[in-house]
Amino acid sequence: FLSDLPRRSDLFTSVCQVLSGSQDPPRGGTVYKDRPRIGGPWKTAREWRITEFDPPKQQTHQGKWPRVGTVLLSIFLEPAGQGTLLKLTVDVSYSWYLRPLAWLMLEGLYLRRTAQSNIRRSVAKAKALIEGREEAVV
């Protein structure tokens with residue numbers, strides 16, 4: 001399910017809709033677009049390219065977010081005792097004109113908390129999907 005591009009909005013709470021994908025099944029080099037859940041000028045479609053793809057162990061997606069900057073999303077799965085450890089890392093590089101605002105206000109006051117909350121909810125959704133529970137996890 002981590003590689004199922006049309007279902008990304010089922011897993012990632014920050015994704016509202018997947019608009020397109022260039023290859024099915026996805027692999028390194030696959031390009032797709034999605035729309036984030038947040039509104040305003042940031043609701044424009046983001047373009048992503050899968051730069052590393054070693055299912056089910058690792059995926060890296062590099063995204064371009066118009067007027068915001070670039071995003072690097074890494075997904076790692078590894079055995080952990082009787083279960084599996086899921087790691088999500090997100091690295092945002094803001095456009096030059098947003099850096100001061102992002103660093104002072106958005107990063108400290110809003111974006112960091114929102115991103116951490118989104119990642120926690122996405123991990124909870126992944127756990128529910130793995131365990132066969134498809135109900136919405138908030």
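**Charged and aromatic contacts in a predicted model**

Colleague: What is the relative accessible area of K87, and in which class does this place the residue?

Modeller: The structure is a predicted model. Buried residues lie under 20% and exposed ones over 50%. K87 has a relative accessible area of 37%, so the residue is partly exposed.

Colleague: Which residue does K87 meet in a salt bridge?

Modeller: Side chains of opposite charge can pair when their charged atoms come close. The N to O distance for K87 and its partner is 4.0 Å, and the criterion is within 4 Å.

Colleague: How many salt bridges does the rule give, and what is the N to O distance for K57 and D54?

Modeller: The count comes to three salt bridges. K57 is partly exposed at 49% relative accessible area, and D54 is partly exposed at 37%. The side chains of K57 and D54 meet with an N to O distance of 3.6 Å.

Colleague: Which residue forms a salt bridge with D34, and is the pair buried or exposed?

Modeller: The closest N and O atoms of D34 and its partner R46 are 2.9 Å apart. D34 lies in strand β2 (residues 31-36) and R46 in strand β3 (residues 46-54), so the contact ties together parts that are twelve residues apart in sequence. D34 also stands opposite R46 in β3.

Colleague: In which sense do β2 and β3 pair, and over how many bridges?

Modeller: Strand β2 has an uncovered face of V31, K33 and R35. Its covered face holds Y32, D34 and P36. Strands β2 and β3 pair in the antiparallel sense, over four bridges.

Colleague: How is the aromatic pair of Y32 and W48 classed?

Modeller: The structure holds one aromatic pair. The ring centres of Y32 and W48 are 6.4 Å apart and their planes stand at 10°, so the pair is stacked. Y32 lies in β2 and W48 in β3, so the pair ties together parts that are 16 residues apart in sequence. Both Y32 and W48 are buried, and the class of the pair is stacked.

Colleague: Over the ring of which residue does the charged end of R46 sit?

Modeller: The charged end of R46 is 4.9 Å from the centre of the ring in question, where the distance criterion is within 6 Å. The ring belongs to W65.

Terms used. Residues are numbered from 1 along each chain as its sequence is written. This is a predicted model: local features need pLDDT of at least 70, side-chain atom pairs count only at pLDDT 80 or more; totals for chains, interfaces and linings use all residues. Side-chain values use heavy atoms; hydrogens and water are left out. Helices (H or I, at least four residues) and strands (E, at least two) are DSSP runs, numbered from the N terminus. Buried means under 20% relative accessible area, exposed over 50%, partly exposed in between (1.4 Å probe, protein chains only). Rings of Phe, Tyr and Trp (its six-membered ring) pair if their centres lie within 6.5 Å; planes under 30 degrees apart count as stacked, over 60 as edge-to-face and the rest as tilted. A charge sits over a ring if NZ of Lys or CZ of Arg is within 6 Å of the ring centre and within 35 degrees of the ring normal. Two strands pair if DSSP finds at least two bridges between them.
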